[in-house]
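Subject: Structure handover

Hello,

Here is the structure I said I would pass on. My notes on it follow below.

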Amino acid sequence: GTVYLSMSRYAEAEALKLVAMRAAEEVNARHVLVSELGDLSVIYIGLGRMEQAHEYADRMVRLAAELGNDAELSRGRGNRGYILLALDHHEKALADIEFSLDHYRQQGRLEGTLVTTIDQVMYLRSMGQEEAAEQLAQENYAAALKLDYPKLHIVTARCLALFLPPERQEALLRHTLALARRHGRLMDEAGCLFSLASITDDAEASAACFRQAQELLALMGCPQWLEGRSIDDPPLLPMMI
């Protein structure tokens with residue numbers, strides 16, 4: 001299940017992780033269970049099923065708090081913050097995002113800090129604070145580039161691209177698309193393709209990008225992201241590692 005999750009093959013990961021979760025519940029292996037709940041919340045984010053994602057993230061947060069597991073609590077509240085944003089519960093989302101950011105910074109965990117900062121950027125954007133969001137996205141991308149971690153380069157670049165003018169946006173997305181393909185990042189590859197489809201002037205090239213992204217969603221088992229969407233209004237896929 002963990003391998004399938006790392007490959008963004010969410011439907012296959014779901015089936016195995018549910019088995020693992022139930023096994024942990026049966027033997028009361030709570031330290032294992034908290035991790036499985038976290039993975040399932042990520043899987044349901046990937047599948048675009050936010051209500052289920054919230055259910056598992058909420059269980060994870062409560063269990064991590066009971067166990068005194070600060071690492072999993074930071075992860076769980078960060079995931080829940082993203083989910084709450086997607087569900088339009090902005091103030092609750094901000095509380096989780098800020099909690100997670102504070103803990104990651106205290107723990108010196110740069111990876112978690114950068115990824116959760118993306119959620120903070122998206123919160124600011126959702127509240128109409130475009131200038132502050134763009135500035136934070138720029139700073140976050142610059143910080144990621146200092147680390148030898150391509151996954152962070154990819155997700156922070158996708159976030160920054162949301163704020164750039166079309167020419168710079170296309171250049172960054174094409175660079176990020178190549179990086180995502182090189183590292184097998186299917187969700188990020190699809191995200192770049194959807195964004196390119198919406199900004200590319202050439203109708204044929206735009207349609208090709210959209211079609212390739214559709215095919216990737218089918219491969220990952222998450223075609224739900226396409227519901228009510230089009231080339232002109234593509235889905236904004238998760239930026240997570």
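Helices here are DSSP runs of H or I with at least four residues, numbered from the N terminus. Please keep in mind that this is a predicted model.

I began with one serine. Ser100 sits in helix α6, which covers residues 90-107. Its relative accessible area is 0%, so Ser100 is buried, the cut-off being under 20%. A polar atom of the Ser100 side chain lies 2.8 Å from the backbone oxygen of Ser74. Apart from neighbours within four places in sequence, the residues in contact with Ser100 are Ser74, Arg77, Gly78 and Thr116.

Next, a pair of helices. Helix α7 (residues 110-126) packs with helix α9 (residues 150-161) at an angle of about 15 degrees, and their axes are 10 Å apart. Because angles under 35 degrees count as roughly parallel, α7 is roughly parallel to α9. On the α7 side, the contact is made by Glu111, Leu114, Val115, Ile118 and Val121; on the α9 side, by Leu152, Val155, Thr156 and Cys159. The crossing of α7 past α9 is left-handed.

Last, the core. The largest nonpolar core holds 71 residues, and Tyr10, Leu217, Met220, Cys222 and Trp225 have the most contacts inside it. Helix α3 (residues 30-47) contributes the most to this core, with nine residues. As for Met220, once neighbours within four places in sequence are set aside, this residue is in contact with Ser8, Arg9, Tyr10, Ala11, Leu186, Met187 and Ala190.

Regards

Technical notes: Residues are numbered from 1 along each chain as its sequence is written. This is a predicted model: local features need pLDDT of at least 70, side-chain atom pairs count only at pLDDT 80 or more; totals for chains, interfaces and linings use all residues. Side-chain values use heavy atoms; hydrogens and water are left out. A nonpolar core is a set of buried Ala, Val, Leu, Ile, Met, Phe, Trp, Tyr and Cys residues joined through side-chain atoms within 4.5 Å. Buried means under 20% relative accessible area, exposed over 50%, partly exposed in between (1.4 Å probe, protein chains only). Helices (H or I, at least four residues) and strands (E, at least two) are DSSP runs, numbered from the N terminus. Contact means heavy atoms within 4.5 Å. A polar contact is a pair of N or O atoms within 3.5 Å; within protein, one must be able to donate a hydrogen and the other to accept it, and residues adjacent in sequence count only if both atoms are side-chain atoms. Axes are lines fitted to C-alpha atoms, for helices over the stretch in contact, and angles run from 0 to 180 degrees between N-to-C directions. Angles under 35 degrees count as roughly parallel, over 145 as roughly antiparallel, 65 to 115 as roughly perpendicular and the rest as oblique. A crossing is left-handed if the near helix is turned anticlockwise from the far one by less than a right angle, and right-handed if clockwise.
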